[in-house]
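Please look over the structure shown here before reading on. The report that follows takes up a pocket, charged side chains and backbone angles in turn.

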Amino acid sequence: KSVRGCIASSDIQVLTLVIVKKGEGELPGLTDSIVPRRLGPKRATRIRSLFQLKKEDHLEKDYRVKREVSRGEGKKPTIKMPKIQRLVTPQRLQRKRAAKAFKIKSGQKSREELAAYNKLKALRAKEAKDRRAEQASKRRSQNSATKSS
């Protein structure tokens, strides 16, 4: 086995090659027939680039690559076409707006809850400080009462 003068090992069963430059003659079974692509593009931007479309053009019906699949003898063939991915639709824009609004609303709510919590925390700290001061003043008054008697 040799490829362009390179010797390949004899224990290799399959050798994958790519035709870089076509010569004068056709290679039977390789370059003499053109095989069309089985599937078309599925992504919205790739469909646009294939058909040279603008962003405003609608891709839903006209530009999906359709193929007929036979269901058997005497039955009408079905038409299969891919679901377009990454297609910006009004529904998607609405969902995006809703998600953004939810994020803003939840952030606002958490800030309000934090402010309420800090207010409560400050109130409790003030109450605890007042209780400690009251207990200290009681102890001082008791100590002064025991010293004077």
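Sorted by class, the lining of the largest pocket holds 5 nonpolar, 3 polar and 6 charged residues, where Ala, Val, Leu, Ile, Met, Phe, Trp, Tyr, Cys and Pro count as nonpolar, Asp, Glu, Lys and Arg as charged, and the others, Gly among them, as polar. This is a predicted model, in which local features need pLDDT of at least 70 and side-chain atom pairs count only at pLDDT 80 or more, while totals for chains, interfaces and linings use all residues. Residues are numbered from 1 along each chain as its sequence is written, and side-chain values use heavy atoms, with hydrogens and water left out.

The largest pocket contains about 260 Å³ of space, a volume being the space filled by probe spheres set on grid points that are joined across faces, edges and corners. On a 1 Å grid over the protein atoms alone, a pocket is an open set of points where a 1.4 Å probe fits, with protein on both sides within 12 Å along at least five of seven lines, and lining residues have an atom within 4 Å of a point. Of the 14 residues that line the largest pocket, Arg48, Lys55, Leu87, Val88 and Thr89 lie nearest its centre. H1 and H2 each supply at least two residues of this lining; helices (H or I, at least four residues) and strands (E, at least two) are DSSP runs, numbered from the N terminus.

Arg48 belongs to helix H1, which covers residues 44-51. Leaving aside residues up to four places away in sequence, Arg48 touches Leu53, Lys54, Lys55, Leu59 and Leu87, contact meaning heavy atoms within 4.5 Å. Arg48 is buried yet has no salt bridge, and the nearest side chain of opposite charge, that of Asp57, is 6.9 Å away. Buried means under 20% relative accessible area, exposed over 50%, and partly exposed in between (1.4 Å probe, protein chains only); Lys and Arg count as positive and Asp and Glu as negative, whereas His and the chain ends are not counted.

Side chains of opposite charge can pair when their charged atoms come close. A search of the whole structure finds 2 salt bridges, each defined as a side-chain nitrogen of Lys or Arg within 4 Å of a carboxyl oxygen of Asp or Glu.

| Salt bridge | N to O distance |
|---|---|
| Glu26 and Lys22 | 3.1 Å |
| Asp130 and Lys126 | 3.9 Å |

Glu26 is partly exposed at 43% relative accessible area, and Lys22 is partly exposed at 48%. Asp130 and Lys126 are 4 residues apart in helix H2 (residues 90-148), so about one helical turn separates them.

Most residues other than glycine have a negative phi. Gln52, however, has a positive phi near 50 degrees; Gln52 lies in the loop between H1 and strand S3 (67-69) and is exposed, with a relative accessible area of 66%. Arg86 likewise has a positive phi, of about 55 degrees, and lies in the loop between strand S4 (78-80) and H2, where Arg86 is exposed at 57%.
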